[in-house]
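This report covers a structure with its sequence. Please read it with the model on screen.

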Amino acid sequence: MKENIVLGVIGYDCHSVGNKILEHVFTEKGYHVHNLGVMVSQEEFIDAAIETGSSAIMVSSLYGHGEIDCAGLREKCVEKGLDDILLYVGGNLVVGKTPLAQVEEKFINMGYDRVFGPDADLDKVHEQLQQDLAARKSGS
Amino acid sequence: MNPGKMELNAFLKEREAVLKTWPTGEGVSLQEAVDYQSQIPKEKNFALAMERAHEEGRTLLQPRAGVALVDEHIKLLTWLENEGAADLLPTTIDAYTRQNRYEEAQNGINRSIHAHTSLLNGFPAVNHGLHACRQVVEAVKSPIQVRHGTPDARLLAEITLAGGFTSYEGGGISYNIPYAKKVPLETSMAHWRYVDRLVGWYEEQGIHINREPFGPLTGTLVPPFVALTVAVIEGIAALRQGVKSITLGYGQGGNLVQDVAAMYALRELAAEYFQRENLGDYSLTTVFHQWMGGFPEDEAKAFAVITWGATVGRFARADKIIVKTPHEAMGIPTKEANAAGLLASRQAINMLTDQILPVGPTFRKEIDLIKAEVSCIMDSIYELGLGDVEEGVVAAVASGILDVPFAPASCNHGKLLPMRDDQGFIRVYNWGKVPMSEEIKAFHLERLRQRAQSEGRSVSFQMVTDDIYAISKGKLVGRPR
């Protein structure tokens with residue numbers, strides 16, 4: 001069975017190019033991609049994940065407000081019963097040039113499972129997603 | 001039907017409602033604004049600066065910049081004019097304000113004060129209000145423009161123009177299709193008719209204000225004919241409301257011949273269509289945007305992209321170039337990086353000051369192709385609008401006749417698929433519903449087949465993806481790895 005994943009650009013960000021590429025690539029890789037497009041609120045991500053029974057939410061942010069927009073998504077997921085859902089986030093997540101390791105630490109602390117820069121290799125993202133999904137299933 | 005110039009009474013009635021949408025709108029008086037604008041020195045007027053540059057054949061440089069707090073924003077702008085030698089200054093507006101989310105913008109201001117750093121990607125001018133705008137305008141020496149991406153920019157225009165800004169970017173199409181998700185096109189066009197009418201009103205009082213439709217659209221493999229069609233229509237819409245100083249723009253595509261040809265075609269098309277619409281008494285200038293797509297992360301490589309953009313913009317005889325920074329791949333730049341982009345661009349255009357690119361038959365062929373492509377779309381738009389472009393463009397976008405690639409707006413068809421040919425020209429692979437002549441379609445297809453052949457693979461979506469990331473990975477054409 002195909003895994004369901006939710007995809008979207010969070011907040012008031014309308015960067016649509018990468019979003020269209022992600023949809024295309026993950027559909028080709030065999031996922032059932034529910035693409036919410038640009039300007040997606042945390043609530044819309046969660047509602048879509050519940051409705052579609054998705055096992056991962058992939059959040060993009062390119063415009064610099066990621067730090068404000070992404071805060072609290074993990075807590076809201078837990079509130080809605082999505083205790084195990086994978087949260088991936090990628091893009092230009094903070095205002096200004098910041099080393100990825102520093103950004104990663106910040107977003108891992110916010111409850112995200114994986115953090116990517118704007119030029120992430122999508123084959124690697126796919127590999128990690130497969131591993132993470134397998135780990136969730138085996139209950140580890 | 002041609003909507004014509006908005007009736008003053010209808011404008012003033014709408015204005016009352018606009019000013020009530022956020023508390024900082026309430027004190028804005030048109031008469032007081034004219035008094036304030038009248039005492040701004042001529043050398044700080046944006047429209048006059050553009051016209052002077054055009055007459056003297058100079059190319060002005062302008063960065064993008066904006067942060068959450070007033071003092072920090074002033075520091076940033078004065079740095080860019082003093083250290084970066086910017087000719088023209090911007091005030092880039094944050095993304096919450098662009099969507100009229102003033103409460104979220106306030107939260108961003110508060111959190112930025114607390115964090116001692118800007119957590120917003122621009123200057124929230126509506127929240128700061130008219131007096132803060134005047135503080136900014138008075139603190140700098142150069143003409144200053146509002147740059148944003150706001151589908152409903154009426155209140156922002158009221159506050160910033162009363163606040164002393166003398167140029168305003170945007171348009172009903174170019175600030176909807178690339179910048180919104182669910183705004184109907186007729187709504188954003190009506191809201192921008194208001195903005196243009198406001199500028200037209202200032203012109204009636206003798207206050208010269210520049211208007212600049214946003215040329216690059218999605219900044220991603222946009223074929224020149226798409227960008228130019230939008231530019232011409234937004235130019236017509238602005239002039240109809242009494243705008244006198246109009247700057248039309250185009251974003252660098254990457255191929256020298258195509259980019260120079262597009263800028264020449266833009267000037268010719270604007271003059272031709274404005275004349276067809278009986279629009280006179282305007283000054284037309286142009287802006288060239290350095291590469292708007294993905295940038296290399298390495299700063300040395302980014303400088304190469306920046307200076308190539310400056311070179312092409314100068315060869316294309318742009319009156320103004322919008323400059324990128326070596327931090328582009330990582331998001332919002334520091335003030336130092338922003339100034340560095342300006343200095344690199346300055347060196348390039350200064351070395352070209354006395355050089356003229358001979359625009360011979362190779363260029364002329366491409367100029368004529370672009371003009372023929374625009375004609376195909378414009379003919380359909382006039383037909384759909386029963387002779388009127390503003391009416392026709394709404395139907396044309398809905399039916400995919402005018403189609404912007406990779407755009408977020410649901411009013412956009414999104415079926416047109418562009419890719420590069422073997423020499424890096426942006427051509428069209430899938431036309432969607434765009435009514436192009438068979439001859440032109442055959443030409444594009446032939447060019448794409450040449451590329452497919454030289455790469456030993458068939459024309460496919462993979463080429464589009466490869467093209468989108470090519471420059472950030474060090475090339476123009478996305479060749480197979």
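In chain B, the buried residues of helix 4 pack against strand 2 (89-92), helix 7 (125-139) and helix 13 (335-351). Buried means that 20 or more other C-beta atoms lie within 10 Å of a residue's own; exposed means 12 or fewer, and partly exposed is in between, with C-beta atoms placed from the backbone. Contact means that the C-beta atoms of two residues, placed from the backbone, lie within 7 Å. Helices (H or I, at least four residues) and strands (E, at least two) are DSSP runs, numbered from the N terminus.

The model is predicted: local features need pLDDT of at least 70, side-chain atom pairs count only at pLDDT 80 or more, and totals for chains, interfaces and linings use all residues. Residues are numbered from 1 along each chain as its sequence is written, while chains are lettered from A and ligands numbered from 1 in the order in which they are written.

**Helix 4 of chain B**

Helix 4 of chain B covers residues 70-82. Its 13 residues reach 18 Å from first C-alpha to last, close to the expected 18 Å. That expectation is 1.5 Å times one less than the number of residues. The buried residues of the helix are Val70(B), His73(B), Leu76(B), Leu77(B) and Leu80(B). Seen down the axis, these buried residues fall within an arc of 125 degrees, so they line one face of helix 4 of chain B. The arc is that of the directions from the helix axis to the C-beta atoms. Asp71(B) and Asn82(B) are exposed, on the face turned away from the buried side.

**The two chains**

Chain A has six helices and five strands. Its order along the sequence is β-α-β-α-β-α-α-β-α-β-α. The radius of gyration of chain A is 14 Å, close to the 14 Å that the globule rule gives for 140 residues, so chain A is as compact as a globular protein of that length. This radius is taken over C-alpha atoms; the rule is 2.2 Å times the number of residues to the power 0.38. Chain B comes to 17 helices and 10 strands.

| Chain | C-alpha box along the principal axes |
|---|---|
| Chain A | roughly 40 × 30 × 25 Å |
| Chain B | roughly 65 × 50 × 45 Å |

In chain A, 46% of the 140 residues count as buried. In chain B, buried residues make up 59% of the 481.

**Confidence**

The model scores ipTM 0.86 and pTM 0.95.
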